[in-house]
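Morning, everyone. Please look at the picture first.

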Amino acid sequence: MDIARLIASRDPVEIVTCPAGATVRQAVQLLSEKRIGALPVLQGGQLAGIFSERDLVRLISSYGPEALDRTLDEVMTKSPVTCESNTAVMGALSQMTQKRIRHLPVVDGGRLVGFVSIGDLVKYRIDRIEAEAAAMRDYIAS
């Protein structure tokens, strides 16, 4: 299965993004309201970076409360690791594990088309394992 099919199988979910000129405070508010751990950051409609809870912790540690008034283009993770929609789910999971990241923007032709988390991919893997186990039990019982 590829990332495109995984995204299509989820309930329709908007990709929550933030503009590069927004403040950290605005991004944190959005993370809190949407109960998410990271945001793709857009500049001119293109993916410019990603802002995550990890970025926030690093900023607060370095700058204290003043970090909240900085703009995302100053503090985001630039040039984030991405994948394409035709990437195999297991390939994306491997990439995320190797790079020690929890969120992966899905980019096709320079355009952000999705955003997946390690939780999305692990859920897919667990569902597959459970389906395989059920099929094996049915096979053995017949």
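Two strands count as paired if DSSP finds at least two bridges between them. With that in hand, note that this is a predicted model. Four strands make up an open sheet here, in the order E1-E2-E3-E4, and the pairing is mixed. Strand E1, residues 18-19, and strand E4, residues 77-78, stand at the edges. Each has a single partner strand, so one side of each is left without a neighbour in the sheet.

E2 and E3 run antiparallel and are joined by six bridges. Gln 43 is opposite Gln 46 in E3. Helix H3 packs on the sheet, where H3 touches E3 and E4. The direction of H3 makes about 65 degrees with that of E3.

In soluble globular proteins, nonpolar side chains tend to be buried together. The largest nonpolar core in this model has 19 residues, and Cys 18, Val 24, Leu 39, Phe 51 and Leu 72 touch the most other members. H2, E2, E3, H3 and H4 each supply at least two residues of this core. The largest share, four residues, comes from H2.

Beyond its neighbours within four places in sequence, Val 24 has contacts that include Phe 51, Leu 56 and Leu 72. A second, separate core has twelve residues, among them Ile 3, Leu 6, Cys 83 and Ala 92.

Last, His 103, which lies in strand E5. Is His 103 buried or exposed? Its relative accessibility is 16%, and the cut-off for buried is under 20%, so His 103 counts as buried. Leaving out residues up to four places away in sequence, His 103 touches Gly 37, Ile 50 and Phe 115, among others.

Methods. Residues numbered from 1 in each chain as written. Predicted model: local features only at pLDDT ≥ 70, side-chain atom pairs only at ≥ 80, totals over all residues. Heavy atoms only, no water. Buried < 20%, exposed > 50% of the residue type's maximum accessible area, 1.4 Å probe, protein only. Contact = heavy atoms within 4.5 Å. Core = buried A, V, L, I, M, F, W, Y, C linked by side-chain atoms within 4.5 Å. Axes fitted to C-alpha atoms, helices over the stretch in contact; angles between N-to-C directions.
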